[in-house]
Every structure is written in C-alpha cells, then in structure tokens.
Amino acid sequence: MALLEVRDLKVYFPVYGGVFRRVIDRVKAVDGVSLSIEPGQTYGLVGESGSGKTTTGRAIIGLNPVTAGQILFQGEDIGKGMRRSRSKFRRDIQMIFQDPYSSLNPKKRVLDIVAEPLRNFERLSAGEEKRRVQELLTQVGLSAETIHKYPHEFSGGQRQRIGIARAIALKPKLIIADEPVSSLDVSVQAQVLNFMQDIQKELNLTYLFISHDLGIIRHMCDYIGIMYKGRHVEQGTTRDIFENPQHIYTKRLLAAIPDLDPRQREKRQRLRQTIRLEYEEAYSRYFDQEGLAYDLKPLSTTHFAALPERG
Ligand SMILES: Nc1ncnc2c1ncn2[C@@H]1O[C@H](COP(=O)(O)OP(=O)(O)OP(=O)(O)O)[C@@H](O)[C@H]1O
Ligand SMILES: [Mg+2]
C-alpha cells in the first residue's frame with residue numbers, strides 16, 4: 001500500500017479587492033494534483049517558481065486548506081482541514097523548510113528548538129528530554145554539547161541539521177522537504193543531501209522532496225512529478241523522466257541543465273534541437289487555449305504525460 005496518496009488535490013486561494021475587500025478572484029495554486037509514494041521512496045516535485053510545489057506540500061501536512069481532493073495516509077483519509085483528525089497524523093508527517101535561518105527561532109536555544117515537537121506530543125521529564133535531544137543531535141552529526149547554543153552560532157549546513165533533528169524527533173514516517181538545501185552553499189549541499197539519504201535508510205523514511213534543481217532531484221528521487229501552473233505535466237520514474245521525457249515543458253527543463261558531464265552534452269544538444277522544432281507548434285500540441293496542460297495519459301505503467309492524445 002502507498003504510504004501517501006494524493007487524489008486530484010486542489011488548493012485555491014481567494015484574491016480580495018475593491019473597497020469592501022470582497023473576494024474578486026481566486027488563485028488556483030494547485031489545480032488537480034495526484035501522486036502516490038511507496039514507503040521508503042522519494043518522490044520529487046519539480047517545476048518553476050509559482051507552479052504550486054510548496055502549496056502541495058503544505059496542504060498535505062495541513063498548513064494550507066484543501067479546496068478539493070483527497071489525501072490518504074496509509075489508506076486513511078486525512079480529511080479537509082479538520083484539525084482533530086489531522087492530529088493523529090501530525091506525528092507521522094513532518095516538514096523540513098527551505099531556509100534554516102528563518103525556520104529556527106533565533107531567540108531559542110537548540111534544546112528548546114529540537115524539544116518542541118516532543119513537548120507537544122510526549123510527556124518527558126527534563127532529564128529524559130535533554131537526553132533525547134542530545135541523542136537526536138548526535139544522530140544528525142552535531143555534538144551533544146550544542147544544546148545550549150543559539151541558531152546564529154551555527155553554519156547554514158549545521159542549522160539545516162538542527163531542522164532535521166527537530167523533524168525526526170517524533171520518528172515520523174513521511175518528511176516533506178521543501179528546497180532543503182537551496183539556501184546553502186553548493187559545497188555544503190551535497191553533504192546535507194547525502195546525510196538525508198543516510199538517515200532515510202536508517203529510519204526508513206519516505207520523502208516528498210521539493211526542488212527546482214533537476215540535478216538534485218535526479219540524485220535524490222525514485223519518482224518525479226513535473227509541475228506547471230498547479231498541475232503535473234509529466235510523472236514517471238527518474239529514468240522515465242531523464243531518459244524518455246515526453247512533454248515539451250519537461251524537455252525544456254532538462255535542456256536547461258548546465259553541461260557538466262561531456263557525455264550528456266550531445267544528448268542535451270539533440271534535446272534542444274527537438275525543442276526548437278517542436279516549439280512552433282508546442283502550444284497547440286501540449287497546452288490548451290488557456291495555456292493549461294491536458295490531463296495526464298499513461299505511456300507505461302510508471303510514466304504519464306499531459307498530451308492531447310495517447311502516445
Ligand atoms: N497563502 C497564499 N495566498 C495567496 N496565494 C498564494 C498563497 N500561497 C501561495 N500562493 C500562490 O500560489 C501559487 C503557487 O505558489 P507556491 O509557493 O506553491 O509555488 P512554488 O512552486 O513553491 O514556487 P517557488 O519555487 O517559488 O517556491 C503562486 O501563484 C503563489 O503566489
Ligand atoms: Mg516553494
């Protein structure tokens with residue numbers, strides 16, 4: 001059974017205007033997203049800024065309202081914003097945020113930051129709590145003595161490790177990682193990503209991994225969903241997406257990856273050529289009149305693309 005299944009999720013935000021601040025429009029931030037993640041796997045959400053990646057993640061964890069659709073966790077409906085039914089899942093789903101500088105309260109010591117979820121869900125004595133936090137810090141590669149320090153005393157990579165310690169404190173099953181390394185120096189990114197992979201194996205974690213960096217997505221993910229304007233334009237295994245991209249938007253994203261590997265250069269050149277040829281007719285072939293993608297159609301058991309006709 002899938003650990004997480006999202007069915008036709010829609011998240012619309014009201015837009016207020018006029019003298020009376022009435023709702024005059026709505027932003028369809030997420031407009032029909034379906035995905036499922038097997039236990040222990042990593043599902044990558046990729047797409048340009050504003051395509052609805054963060055909104056999808058926040059809706060799953062209950063930070064954004066769900067306008068329509070279903071979110072199933074281990075086959076059970078999490079419910080639409082019903083706080084009570086969600087609380088049952090609050091332990092099991094945690095989030096790692098993009099910016100460890102702003103997601104960690106600068107006025108709090110590491111002990112209080114990492115202990116926060118424990119205080120919400122478990123009754124531990126001060127001694128037990130301290131021991132648990134020290135264990136968690138050691139687990140993420142920080143020294144147990146750092147519990148009395150403040151966030152500004154750490155480097156960016158260390159700060160993200162503190163965020164990870166907080167996220168795993170309750171032994172969750174699913175972690176939603178929203179651009180977890182994009183605010184870090186490139187030299188530190190790989191370290192944190194590899195650490196995330198190690199801890200995934202160790203704790204049997206499932207990840208929903210959000211990034212706009214296809215290189216990182218390729219490194220981290222088993223399955224990938226390409227988002228465009230609140231929808232998926234393509235979905236498939238990492239191999240489907242990188243070896244056999246079908247939607248023009250996916251091809252454009254792939255062609256834009258810098259040429260680091262010379263063996264990939266030729267492949268990318270060919271991709272660019274097809275894109276140029278297809279571009280003329282792209283909008284009529286891949287998008288409807290409003291520039292929206294068609295519904296996903298199956299190309300294989302794992303690969304789906306938003307094309308007007310099968311094949
Ligand atoms: N609380 C909100 N109220 C109104 N509109 C919102 C809200 N949150 C997000 N949006 C809008 O929803 C759309 C999707 O935003 P979202 O943050 O999910 O995109 P994203 O793919 O995560 O982008 P980025 O790569 O920049 O993080 C955007 O148009 C955004 O302005
Ligand atoms: Mg985002």
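Me: Which residue in E9 stands opposite Val46?
Reply: Ile226 does. This is a predicted model, where local features need pLDDT of at least 70, side-chain atom pairs count only at pLDDT 80 or more, and totals for chains, interfaces and linings use all residues. Residues are numbered from 1 along each chain as its sequence is written, chains are lettered from A and ligands numbered from 1 in the order in which they are written, and side-chain values use heavy atoms, leaving out hydrogens and water.

Me: What makes E3 and E9 a pair?
Reply: Two strands (DSSP runs of E, at least two residues, numbered from the N terminus) pair if DSSP finds at least two bridges between them. Strand E3 (residues 42-47) and E9 are joined by five bridges, so they qualify, and they run parallel.

Me: How do you know that E9 also pairs with E10?
Reply: Six bridges link E9 to strand E10 (residues 231-237), in the antiparallel sense.

Me: Why is strand E9 called largely enclosed?
Reply: Buried means under 20% relative accessible area, with exposed over 50% and partly exposed in between (1.4 Å probe, protein chains only). Six of the six residues of E9 (residues 223-228) are buried, so the rest of the structure largely encloses this strand.

Me: What covers the description of both faces of E9?
Reply: Tyr223, Gly225 and Met227 are buried on one side, and Ile224, Ile226 and Tyr228 are buried on the other. In a regular strand, side chains alternate between the two faces of the sheet.

Key: Helices (H or I, at least four residues) and strands (E, at least two) are DSSP runs, numbered from the N terminus.
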